[in-house]
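Have the model open in your viewer and keep the sequence beside it. We will walk through it together, one region at a time.

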Amino acid sequence: MINEFRYLPDTEQDQAEMMEALEIHSIDELFKDIPEEIRLKEELVLPDAVSESALTKHLRKLAALNIHSHEVAVFLGAGTYDHYIPSVVDHVISRSEFYTAYTPYQPEASQGELQAIFEFQTMITELTGMEAANSSLYDGFTSLGEAANLAVVTTKRPKVVVSKGVHPQGREVLQSVSKGREFQLEEIPLAFDTTDLSQLESAVDEQTAAVIVQYPNFLGSIEDLQKVKEMAVNQKALFIVMANPLALGVLESPGKFGADIVVGDMQPLGLTMSAGGPHCGYFTVNKKHLRKIPGRIVGQTTDKEGKRGFVMTLQTREQHIRREKATSNMSSNQALNALASAVCMAALGKNGIQEMAQLNVEKADYLANQLRSKGFKIVNQAPFFNEFAVELKHSVKEVSAVLLEKGIIGGYDLEPEYGMKNTMLLCATDQRTKEEMDTLVSVLEEIAYE
């Protein structure tokens, strides 16, 4: 008889042998350190077990309910974007030597993995204009939190000033981090679609460890990094920029503006949307802060025979030894997704990244102009990359429902976070066609006059 169940639970004999080895008399004794008042008393509300084949059929039915970007036009960005990904990316990361790789502690057995990370670091520093990058972090928001930590530890100052133009979820992470590091987080509002520079200047003082802006910001607009840098320098605060790496294909790099730390999310370069994750964060600094960078850095060297090789050069060892003095507790990275981004960047090349970024600028500009011609108000006053805010005649929720019926995924509702009533953040990436954009404009026009 074929066993339809792959999961083989421990037998009563297995459990008895393990309890004997642990010198306990019941499974409950394993949980004695958990306070009685917070333990679950009732059974978990779970359906009865089914066979593997029945479960597979059920999951396929659920999956069929999903709507994905191969079926509809996606105008939703807000941190996760529908971009072109060269087919070679999936082929490389699906190879078993990468797909199953673990932390490359043994360089003699991990040269391929180490080289991939080294190449990733190199290309990120070129894009950001910085001098050193780590081997990646979990996502852009993790990198942002770690950047704030580094600034507070380095300057020994108790305040971090952040623009409200930074992604709302990024600011939520900063709020959480601030409690652990015990620093004050002060948010600076927007003046229309970019950071209110007069309020920022008033907020940055001798107690400020860092000033943080996003580039482009959450509304898609380009912040004036030069002026923000000057305000940070005047008070000897660190200047932290959270940057979209694809946008850096056409924008001046933050390093050229004197950024001290540049972080961000690699999703726009080689990572699928995948319902919002997993992503891959990058973290770059100048040499001054090299030894305080979170996570690990892979370096290039030569062996005793003079051959080129790669090793794990640096990591914040205090996280293992002197934990109370650690600059970070980050001891891992997102190697597979970093590899995907590295393969994507290598496949596109410098010219390809520039061309892809330029397509985003041109398509977003086309869509905004078409909407203006139909009487819609575009909120953005500053130049924008591939996202912009547009005012609608009805609620974003209502409009999004109608768009979905027409085979279009609409944008992000800006009212909950920014108080912009009936305002949608639209994104037009390199994947959107003229036909799709014209259809969106036509449907929005129909809705407006209903």
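This is a predicted model: local features need pLDDT of at least 70, side-chain atom pairs count only at pLDDT 80 or more; totals for chains, interfaces and linings use all residues.

Helix α9 covers residues 225–234, and its buried residues are Leu 225, Val 228, Lys 229, Met 231 and Ala 232. Looking down the axis of α9, you will find these buried residues within an arc of 160°, so they line one face of the helix. What do they pack against? Their partners are helix α8 (197–203) together with strands β7 (208–215) and β8 (238–243).

In soluble globular proteins, nonpolar side chains tend to be buried together. In this model, the largest nonpolar core has 50 residues, and Phe 120, Met 266 and Met 345 are those with the most contacts inside it. Several elements each supply at least two residues of this core: α3 (87–93), α5 (111–128), α8, β7, α9, β8 and α10 (335–373). The most comes from α10, which gives 11 residues. Apart from this core lies another one, of 30 residues, including Val 162, Val 166, Val 263 and Met 330.

Setting aside neighbours within four places in sequence, Phe 120 is in contact with Asn 134, Ser 135, Ser 136, Met 266, Cys 280 and Tyr 282, among others. Its list of contacts also includes Ala 338, Ser 341, Ala 342 and Met 345.

Two further buried residues are worth a visit. His 289 sits in the loop between β10 (281–285) and β11 (296–302). Is His 289 buried or exposed? Its relative accessibility is 3%, so His 289 counts as buried. Not counting residues up to four places away in sequence, His 289 touches Leu 150, Thr 154, Leu 238 and Asp 260. The other residue is Thr 423, which belongs to strand β16 (residues 423–427). Thr 423 has a relative accessible area of 2%, and is therefore buried. Once neighbours within four places in sequence are left aside, the contacts of Thr 423 are Val 379, Ala 389, Val 390, Glu 391, Val 396, Tyr 412, Asp 413 and Leu 414.

Now for the charged side chains. How many salt bridges does the structure hold? There are 14 of them. In one, the side chains of Glu 186 and Lys 159 meet at 3.5 Å, N to O. Glu 186 is in strand β4 (residues 184–188) and Lys 159 in strand β3 (residues 159–163), so this pair ties together parts that are 27 residues apart in sequence.

Next, look at Glu 187 and Arg 171, whose side chains form a salt bridge at 3.2 Å, N to O. Because Glu 187 lies in β4 and Arg 171 in helix α7 (residues 168–181), the pair links parts that are 16 residues apart in sequence. Here Glu 187 counts as partly exposed, with 31% relative accessibility, while Arg 171, at 4%, counts as buried.

Asp 438 and Lys 434 meet through their side chains at 2.9 Å, N to O. Both are in helix α13 (residues 434–448), four residues apart, which is about one turn of the helix. Asp 438 is partly exposed at 25% relative accessibility, and Lys 434 is exposed, with a relative accessible area of 53%. There is also a network of salt bridges, and it links Asp 82, Arg 432 and Glu 436.

Our last stop is on the surface. Which residues form a nonpolar patch there? They are Leu 22, Ile 27, Leu 30, Phe 31, Ile 34 and Ile 38, and together they have about 560 Å² of accessible area. Phe 31, one of these residues, lies in the loop between α1 (12–22) and α2 (52–63). With a relative accessible area of 39%, Phe 31 is partly exposed.

Terms used. Residues are numbered from 1 along each chain as its sequence is written. Side-chain values use heavy atoms; hydrogens and water are left out. Patches are made of residues with over 30% relative accessible area and no salt bridge: like charges are joined within 9 Å, nonpolar side chains (Val, Leu, Ile, Met, Phe, Trp, Tyr) within 5 Å. Accessible areas come from the Shrake-Rupley method with a 1.4 Å probe; for residues, only the protein chains shown count as cover. A salt bridge is a side-chain nitrogen of Lys or Arg within 4 Å of a carboxyl oxygen of Asp or Glu. Buried means under 20% relative accessible area, exposed over 50%, partly exposed in between (1.4 Å probe, protein chains only). The arc is that of the directions from the helix axis to the C-beta atoms. Contact means heavy atoms within 4.5 Å. A nonpolar core is a set of buried Ala, Val, Leu, Ile, Met, Phe, Trp, Tyr and Cys residues joined through side-chain atoms within 4.5 Å.
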